[in-house]
Amino acid sequence: SPSRAPGAPKTSKEAESMLRTLTVSENGPLKAQAMAELSDILAARGEMKEAASLVDAALNLAPDNSVVLSAHARLLAQSLEFEAADKVLLQAIEADPDWAPLYRQRAQVQEKLGDEAEAMSLRTKAGGAAMGRIFLR
């Protein structure tokens, strides 16, 4: 089994529990990021109302945070609001231009919008981004 950082969650339930704790115990950007990450878990389970509520609260705390914007864009895309998701991802990339997964996420939205050339360009940018390329596997 792969080695784990001390204190790292072993299950998704543990991760969810840790994130819920952070949404209560922390303030500012860390609280907003925990809300955004928790919203991704809930959305994946189909709990869209709570996921959307968490993203709204996170946006109020940290409207320019790339993690929060990425979660917001994911919810928009799941609702088939691809134009809105693309605009939010542009903001996220402006806030964190070195984070590769944002380019990949926007490439996926561009594919849904039918722009294969832009999607390819974004994938190239993801491959050249300074951070986060390990998450592109």
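Start by selecting Arg106: at 11% relative accessibility it counts as buried, where buried means under 20% relative accessible area, exposed over 50% and partly exposed in between, with a 1.4 Å probe and protein chains only. Arg106 lies in helix H6; helices here are DSSP runs of H or I with at least four residues, strands are runs of E with at least two, and both are numbered from the N terminus. Now show what surrounds this arginine. Leaving out residues up to four places away in sequence, Arg106 touches Asp86, Leu89, Leu90, Ile93, Glu118 and Leu122, a contact being heavy atoms within 4.5 Å.

Before you move on, a word on what you are viewing. This is a predicted model, in which local features need pLDDT of at least 70 and side-chain atom pairs count only at pLDDT 80 or more, while totals for chains, interfaces and linings use all residues. Residues are numbered from 1 along each chain as its sequence is written, and side-chain values use heavy atoms, with hydrogens and water left out.

**Zoom out to the whole chain**

Switch to a cartoon view. The protein chain has seven helices and zero strands, and from the N terminus on its elements run α-α-α-α-α-α-α. Its radius of gyration is 15 Å, close to the 14 Å that the globule rule gives for 137 residues, so the chain is as compact as a globular protein of that length. That radius is taken over C-alpha atoms, and the rule is 2.2 Å times the number of residues to the power 0.38. Along the principal axes, the C-alpha atoms fill a box of roughly 40 × 35 × 25 Å. Of the 137 residues, 38% count as buried. Among contacts with a separation of 6 or more, residues 24 or more positions apart account for 44%.

**Select residues 66–78: helix H4**

This helix has 13 residues and reaches 18 Å from its first C-alpha to its last, close to the 18 Å expected; the expected span is 1.5 Å times one less than the number of residues. At its start, look for a side-chain oxygen of Asn65 that reaches to within 2.9 Å of the backbone nitrogen of Val67.

Which helices do the buried residues of H4 pack against? They pack against H2 (28–44), H3 (48–61), H5 (82–95) and H6 (100–112).

- Ser66 counts as buried at 11% relative accessibility. Beyond residues up to four places away in sequence, Ser66 touches Ala92, Ala95, Asp96 and Leu102.
- Ala71 counts as buried at 0% relative accessibility.

Next, step past the end of the helix to Leu80, in the loop between H4 and H5. Its phi is near 65°, a positive value in a residue other than glycine. Is Leu80 buried or exposed? Leu80 is exposed, with a relative accessible area of 63%.

**Colour the nonpolar core**

The largest nonpolar core has 36 residues, and those with the most contacts inside it are Val68, Ala85 and Tyr103. Such a core is a set of buried Ala, Val, Leu, Ile, Met, Phe, Trp, Tyr and Cys residues joined through side-chain atoms within 4.5 Å. H2, H3, H4, H5, H6 and H7 (116–128) each supply at least two residues of this core. Centre on Ala85: leaving aside neighbours within four places in sequence, Ala85 is in contact with Ala73, Leu76, Ala77 and Val109.

**Last stop: Trp99 and its surroundings**

The structure holds one aromatic pair. The rings of Trp99 and Phe135 have their centres 5.6 Å apart and their planes at 50°, so the pair is tilted. For reference, rings of Phe, Tyr and Trp (its six-membered ring) pair if their centres lie within 6.5 Å; planes under 30 degrees apart count as stacked, over 60 as edge-to-face and the rest as tilted. Trp99 lies in the loop between H5 and H6 and Phe135 in the segment after H7, so the pair ties together parts that are 36 residues apart in sequence. Trp99 counts as partly exposed, at 28% relative accessibility.

Finally, select Gly132, also found in the segment after H7. Gly132 is buried, with a relative accessible area of 12%, and touches Trp99, Ala100 and Pro101, not counting residues up to four places away in sequence.

Notes: Polar contact = N/O pair within 3.5 Å; in protein donor to acceptor, adjacent residues only side chain to side chain.
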